[in-house]
Number of protein chains: 2
Amino acid sequence: MSTPAPFQATLNPSLKSWIDSANDPASDFPIQNLPFGVFSNDANPARRAGVAIGEWIVDLAALEQAGLLKTPNVFGKPRLNDFIALGRDAWREVRIALSGLLAHDNPTLRDDAALRQRALVPQSNATLHLPVEIPGYTDFYSSKEHATNVGCMFRDPKNALLPNWSEMPIGYNGRASSVIVSGTPVRRPNGQIKLPNDERPVFSACRKLDIELEMGFIVGAGNALGDPIACNDAEQHIFGMVLLNDWSARDIQQWEYVPLGPFNSKGFATTISPWIVTLDALEPFRTATPPQEPQPLAYLRHDGDHAFDIELEVTLRPEGASKATRISRTNFKLMYWSMAQQLAHHTVAGCNTRVGDLMGSGTISGPTPDSCGSLLESTWNGQRPLALDEGGERGFIEDGDELTLAGWCQGDGYRIGFGQCAGQILAARSAAAE
Amino acid sequence: MSTPAPFQATLNPSLKSWIDSANDPASDFPIQNLPFGVFSNDANPARRAGVAIGEWIVDLAALEQAGLLKTPNVFGKPRLNDFIALGRDAWREVRIALSGLLAHDNPTLRDDAALRQRALVPQSNATLHLPVEIPGYTDFYSSKEHATNVGCMFRDPKNALLPNWSEMPIGYNGRASSVIVSGTPVRRPNGQIKLPNDERPVFSACRKLDIELEMGFIVGAGNALGDPIACNDAEQHIFGMVLLNDWSARDIQQWEYVPLGPFNSKGFATTISPWIVTLDALEPFRTATPPQEPQPLAYLRHDGDHAFDIELEVTLRPEGASKATRISRTNFKLMYWSMAQQLAHHTVAGCNTRVGDLMGSGTISGPTPDSCGSLLESTWNGQRPLALDEGGERGFIEDGDELTLAGWCQGDGYRIGFGQCAGQILAARSAAAE
């Protein structure tokens with residue numbers, strides 16, 4: 001694995017599909033993207049693998065059955081893990097086969113009405129599911145601006161960035177069981193909150209409910225226990241990326257997190273977008289990470305560029321509002337530590353990773369309040385509420401609010417989009433038990 | 001689930017088996033225990049479920065095939081999860097059926113040589129495997145003595161116990177992928193270490209490798225996202241218990257753990273014992289938890305006794321030594337927070353749990369140095385090395401050392417034992433890359 005294989009799967013930016021909606025420059029899903037997900041529909045409630053193209057889903061199980069893919073029956077499954085486990089050559093073969101079948105001048109699927117009927121499902125008629133079984137979820141903390149902001153508020157403004165932060169991609173184990181797919185409602189959590197003037201905590205619904213705008217990557221090839229992944233090899237272990245909202249209960253977090261880190265304040269829900277965009281699709285948007293000073297230790301050094309230029313935004317729509325307000329706009333390329341460095345660090349002591357593991361970037365914040373990835377930061381712990389476009393304001397999230405992350409790479413006349421990562425907040429369960 | 005079902009599965013303490021070795025008062029596995037595990041042997045390398053009895057394993061897949069158990073083909077699997085998912089009534093039915101088949105006066109298996117040949121495997125000929133697929137691993141921190149000791153060393157002796165500690169069972173998400181079964185060697189981890197007089201960290205093999213003597217429980221019935229488990233119901237969700245060694249790299253831990261908790265310092269390996277002892281087998285050893293002051297918030301209150309009187313010890317055997325030295329002796333009943341409180345707290349904000357989830361107690365330390373569950377504590381960070389019985393001393397663990405946890409409940413003329421939880425340390429991988 002020490003020499004990366006030559007890159008084989010970037011698709012021509014001018015390639016068009018016979019599916020018209022894929023050629024719309026504003027579509028998240030042109031033929032250059034081809035992200036993988038799991039879906040079902042009324043006509044066929046079985047969960048199976050699909051690829052998004054324009055406003056449609058290509059049913060990969062149907063193509064596999066029709067003999068148009070060479071994969072060994074991996075797509076008629078409720079999770080992508082069996083496909084992902086086949087490895088990068090298989091991902092690329094499928095990607096190339098699909099781009100062929102969907103290209104404007106290829107008649108195989110285009111001109112076969114019966115096959116099209118079986119193999120194409122409108123996204124508007126489909127339900128999207130969690131695309132992978134996630135054996136482990138790790139969340140990093142790799143935005144310098146975010147770590148500095150949180151350090152100012154939760155600890156000491158004079159020493160906001162701790163000394164270890166600049167030496168390693170700080171991360172912690174998250175809770176994999178509560179990772180949910182976009183669209184799943186999120187119930188406001190109850191928990192212990194310690195108010196500043198009280199001697200003891202109270203049991204209460206969270207009063208400082210927040211988002212964390214993150215991206216996540218899905219491990220495509222794990223490593224054995226005791227066998228670290230070298231930084232220069234790490235991207236070969238990554239299948240693709242999703243948007244990730246690491247919902248956070250700030251008041252519960254502040255009381256519980258010392259000394260072992262966040263627990264109930266994060267474990268109630270983490271939302272990911274349903275489509276996994278492959279690293280191959282992102283390749284044209286590769287760019288440099290910010291300068292790293294001090295130079296990292298050798299196991300964290302890599303050659304070439306390892307950031308990706310992905311535009312990100314967050315919107316908030318109050319219940320019943322006709323319009324959402326944009327509350328953040330930032331870019332993934334600002335992250336200090338790369339995904340490759342995160343994976344190298346995660347495994348350097350010998351920890352094994354597995355196919356389908358989810359690794360969150362940590363909150364992605366830029367240098368200005370309107371580029372912060374959490375309300376904690378953009379409202380400075382609720383002290384400077386954000387005005388909403390249709391009136392009202394928000395310090396933190398209220399019941400009924402729908403929060404939506406979006407992300408895309410802007411190409412010349414097309415974009416590689418991630419779709420949406422959305423969730424609406426339900427009122428807390430009655431805390432009468434306390 | 002609000003009213004616990006009447007207890008049905010405590011076996012008569014005077015019951016004897018026709019398997020002689022089970023009647024030895026020093027055996028960990030009398031007929032009153034019947035712990036579940038997964039094994040294979042040379043004659044049949046397929047992993048399958050078994051129950052320990054004296055020096056033997058009862059092959060549950062063989063009994064199931066012979067029609068002697070009513071379970072629906074759950075035992076011929078490499079993990080116990082399908083069996084555990086059947087729920088408590090099924091666990092008890094199997095327990096009662098087995099105690100019948102193994103009772104001294106029951107001829108069904110005793111007098112059927114062909115069936116005995118298929119259904120009984122000597123432990124000495126078997127390989128034991130990880131008994132469950134573990135979807136999530138959580139580690140608590142519920143020994144007051146341990147939390148106080150660590151607080152003294154890592155933070156401030158004057159405020160060693162943080163104010164949140166007495167209000168909730170503090171816990172964090174561990175790494176499930178690196179949970180291994182007793183007997184698996186453990187490679188000393190490499191990682192970042194910050195020496196006191198250096199400006200920057202170095203990359204090095206861990207120099208302060210340690211154990212954490214813990215017990216773990218296995219979740220037998222999970223809860224849905226958003227649907228907490230009440231404290232009085234929590235034990236109904238627990239299948240059983242194991243010994244757990246949460247190997248810890250103290251030097252890596254001290255540098256990395258602020259602010260998000262331990263990560264690489266723990267993620268390289270966690271060893272559990274292969275036999276899961278059911279709560280039913282432990283029932284006669286139920287006792288009171290230490291007094292809790294202040295009184296916990298309502299969601300953490302439960303009726304009755306929720307500790308278990310389990311004797312624990314740790315031994316260290318240097319490579320080549322003929323004899324192991326006992327380095328700790330303590331008891332699980334000292335734990336401040338109960339398993340029921342841990343599970344209620346884990347789920348109170350809505351986090352879901354799943355069949356097979358592993359929850360560690362946290363290091364179990366008593367009030368004296370010889371009852372500490374880690375070398376960090378018993379040697380006070382290496383400053384007061386322990387003398388070994390055959391000469392030499394240990395501040396922390398050296399390469400080649402084998403560390404073994406053992407645990408048992410002492411009954412009148414019998415004991416409910418946990419077997420062993422052991423691991424030998426291999427030298428670190430070359431750190432030459434740095």
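How many residue pairs are in polar contact between chain A and chain B? In this predicted model the count is 25 residue pairs, both residues of each being at pLDDT 80 or more, where a polar contact is a pair of N or O atoms within 3.5 Å, of which, within protein, one must be able to donate a hydrogen and the other to accept it, and residues adjacent in sequence count only if both atoms are side-chain atoms. Because the model is predicted, local features need pLDDT of at least 70 and side-chain atom pairs count only at pLDDT 80 or more, while totals for chains, interfaces and linings use all residues. Residues are numbered from 1 along each chain as its sequence is written, chains are lettered from A and ligands numbered from 1 in the order in which they are written, and side-chain values use heavy atoms, with hydrogens and water left out.

**Interface between chain A and chain B**

- Contact, meaning heavy atoms within 4.5 Å, links 65 residues of chain A with 65 residues of chain B.
- The area buried between the two chains is about 5800 Å², with carbon and sulfur atoms giving 57% of it; buried area is the accessible area (1.4 Å probe) that two parts lose on being put together, summed over both.
- On the side of chain A, the residues that lose the most area to chain B are A:Arg175, A:Leu260 and A:Phe263, which together make up 14% of what that side buries.
- There are 6 salt bridges between chain A and chain B, a salt bridge being a side-chain nitrogen of Lys or Arg within 4 Å of a carboxyl oxygen of Asp or Glu.
- The side chains of A:Asp357 and B:Arg175 form a salt bridge, with an N to O distance of 2.6 Å.
- Among the elements of chain A that give two or more residues to the side touching chain B are strand S6 (137-140), strand S7 (171-173), helix H7 (250-256) and helix H10 (339-347); helices (H or I, at least four residues) and strands (E, at least two) are DSSP runs, numbered from the N terminus.
- The largest share of that side, 3 residues, comes from S7(A).
- By class, the side of chain A that touches chain B has 35 nonpolar, 19 polar and 11 charged residues, where Ala, Val, Leu, Ile, Met, Phe, Trp, Tyr, Cys and Pro count as nonpolar, Asp, Glu, Lys and Arg as charged, and the others, Gly among them, as polar.

**Annotated regions of chain A**

- An unreviewed UniProt entry assigns the annotation "domain: Fumarylacetoacetase N-terminal" to residues 32-131 of chain A; UniProt positions are given in the numbering used here, feature names are shortened, and annotations may be inferred rather than shown by experiment.
- That span is 36% helix and 27% strand, and its end C-alpha atoms lie 20 Å apart.
- A:Asp246 sits in the loop between strand S14 (238-245) and strand S15 (248-249) of chain A, and A:Asp246 is buried at a relative accessible area of 1%; buried means under 20% relative accessible area, exposed over 50%, and partly exposed in between (1.4 Å probe, protein chains only).
- Beyond its neighbours within four places in sequence, A:Asp246 is in contact with residues including A:Tyr137, A:Glu212, A:Glu214, A:Lys266 and A:Thr270.
- A:Thr270 belongs to strand S16 (residues 270-272) of chain A and is likewise buried, with a relative accessible area of 1%.

**Buried elements**

- In helix H10 of chain A, 9 of the 9 residues are buried, so H10(A) is largely enclosed by the rest of the structure.
- B:Leu376, in helix H11 (residues 375-378) of chain B, is buried with a relative accessible area of 0%.

**Backbone geometry**

- Most residues other than glycine have a negative phi, and most peptide bonds are trans.
- A cis peptide bond joins A:Glu293 and A:Pro294, with omega about 5 degrees, and another joins B:Glu293 and B:Pro294, with omega about 5 degrees.
- A:Trp380, which is not a glycine, has a positive phi of about 50 degrees and counts as partly exposed at 25% relative accessibility.
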